[in-house]
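Hello,

Here is the structure for you to look over. My notes follow below it.

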Amino acid sequence: MTLASNSTIFKMDLGPLNPVWAELILGLVLFGLTFLIMAKGILPKIRRTLDEREDAIDGGTERADDLRSEATQIREQYEAELAEARHEAARIRSKAVEEGSVAIAAARAEGNAEREAILAAGAEKIAAERAAAERELTADVDAWAHALAARIVGEPVGADRA
C-alpha cells in the first residue's frame, strides 16, 4: 500500500497526513502488545511496590504511634514509681531524723547522768580529802601551837609537860 492508494480509500487528499493502512495496523498491534506487556507484567510490579511503600509508611506511622503511646505509659509508670520512691525516701529520712533525735536525747541523758555521777564522786572525794586534810592539819596545828607556846614560855606546855 502506498500513499496513492490511501487517497482512494479516504476520498480526500490530506497530503502527508493521509494514513498508511499497513503502518496504522502495525502501530495498533504494537501498541496493543506494549499495553498488554505493561498492564500484565510491569504495572502490577510497580503497583505492588507502591502498595508496599504505602504500607511501610502507614505501618511505620502506626507503629510509631503505638511506640509513642507505649513510651508515654512507661514514662507515666516511671514517674509514679519515682514519686513513690521519693515519698519512701522522705519517710525513711523522717524516721532516721526521729531515731537520731531519740538517740541524741538518750546519749545526752546518759552523758548528763555520767557527768552527775562523776561530779558526785568528785565532790565525795574532795570532801573526804578535805576531812582527812583537816584532821592532819588539826593534829599538826595542835603540835605546832604547843611547840610555839613552849618556845614563847620557855617551858613545855600541855601534854609535853609531864
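How far apart do the end C-alpha atoms of residues 20–43 lie, and how much of the span is helix? They lie 31 Å apart, and the span is 96% helix and 0% strand. UniProt lists residues 20–43 as "transmembrane region" in an unreviewed entry. Its positions are given in the numbering used here, feature names are shortened, and annotations may be inferred rather than shown by experiment.

Some ground rules. This is a predicted model, with residues numbered from 1 along each chain as its sequence is written. Local features need pLDDT of at least 70, side-chain atom pairs count only at pLDDT 80 or more, totals for chains, interfaces and linings use all residues, and side-chain values use heavy atoms, without hydrogens and water.

The chain has two helices and zero strands (DSSP runs, H or I of at least four residues for helices, E of at least two for strands, numbered from the N terminus). UniProt also places a "coiled-coil region" at residues 64–95, again from an unreviewed entry. That stretch is 100% helix and 0% strand, with its end C-alpha atoms 45 Å apart.

Of the 162 residues in the chain, 3% are buried (under 20% relative accessible area; exposed is over 50%, partly exposed in between, with a 1.4 Å probe and protein chains only). The chain exposes about 14,000 Å², by the Shrake-Rupley method with a 1.4 Å probe, where for residues only the protein chains shown count as cover. Carbon and sulfur atoms supply 63% of that area.

Last, L50. L50 sits in helix 2, residues 21–153. L50 is partly exposed, at 38% relative accessible area.

Best wishes
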